[in-house]
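Please look over the model below before reading my comments. They are kept brief.

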Amino acid sequence: MEELEKLVKSIENENRFILERFKNSLREKKLSKSTIDKHVYNVEFFINDFLLRYEPTHAKEGSSQVGFFLGNWFIRKAMWASVTSIKENISSIKKFYQFMYEAGEIEKDDLVELKEEIKNCKEEWLENIRMYDNPNIDLDDIW
């Protein structure tokens with residue numbers, strides 16, 4: 001257990017540094033403060049609340065888990081999950097992994113796969129949240 005706690009703390013420290021660099025890159029693109037804050041919040045939730053909680057995963061290795069995050073976990077765990085918030089998270093995560101690629105933290109293939117998954121699965125994720133919010137649908141029919 002102590003080893004796991006050390007690993008989580010180490011990744012959290014790494015994430016703090018990565019998030020600061022990401023935030024600075026968004027500032028350089030002249031985005032508004034509120035837009036920057038929204039992107040950083042969304043990414044921080046993904047890398048610190050999702051990637052670290054089940055099996056601690058570094059942000060650079062997390063792009064392969066975006067589908068499960070947006071299509072399932074986020075819908076069930078984030079009380080504010082909605083069609084709009086999923087779309088916002090898609091935008092934030094794409095910007096984040098584009099930044100990670102440009103910073104040399106991930107390979108181009110990882111970025112391409114992430115974008116392809118988003119393109120192919122976005123409508124399914126949005127339908128999942130619509131069904132999840134519909135009291136007439138059995139949740140077993142979603143997952």
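1. Ground rules. This is a predicted model, where local features need pLDDT of at least 70, side-chain atom pairs count only at pLDDT 80 or more, and totals for chains, interfaces and linings use all residues. Residues are numbered from 1 along each chain as its sequence is written, and side-chain values use heavy atoms, with hydrogens and water left out.

2. The core. The largest nonpolar core has 36 residues. Such a core is a set of buried Ala, Val, Leu, Ile, Met, Phe, Trp, Tyr and Cys residues joined through side-chain atoms within 4.5 Å. Phe46, Phe69, Phe96 and Tyr97 touch the most other members. Helices H1 (2-28), H2 (33-50), H3 (66-77), H4 (83-102) and H5 (108-132) each give two or more residues to this core. Helices here are DSSP runs (H or I, at least four residues), numbered from the N terminus.

3. Asparagine 48. This residue sits in helix H2. Asparagine 48 counts as buried because its relative accessibility is 13% (buried is under 20% relative accessible area, exposed over 50%, partly exposed in between; 1.4 Å probe, protein chains only). Leaving aside neighbours within four places in sequence, its contacts (heavy atoms within 4.5 Å) are Glu12, Asn15, Leu19 and Arg53.

4. Aromatic pairs. There are 18. Rings of Phe, Tyr and Trp (its six-membered ring) pair if their centres lie within 6.5 Å; planes under 30 degrees apart count as stacked, over 60 as edge-to-face and the rest as tilted. Phenylalanine 74 and tryptophan 80 have ring centres 6.1 Å apart and planes at 80°, so they are edge-to-face. Phenylalanine 74 is buried at 0%; tryptophan 80 is partly exposed at 40%.
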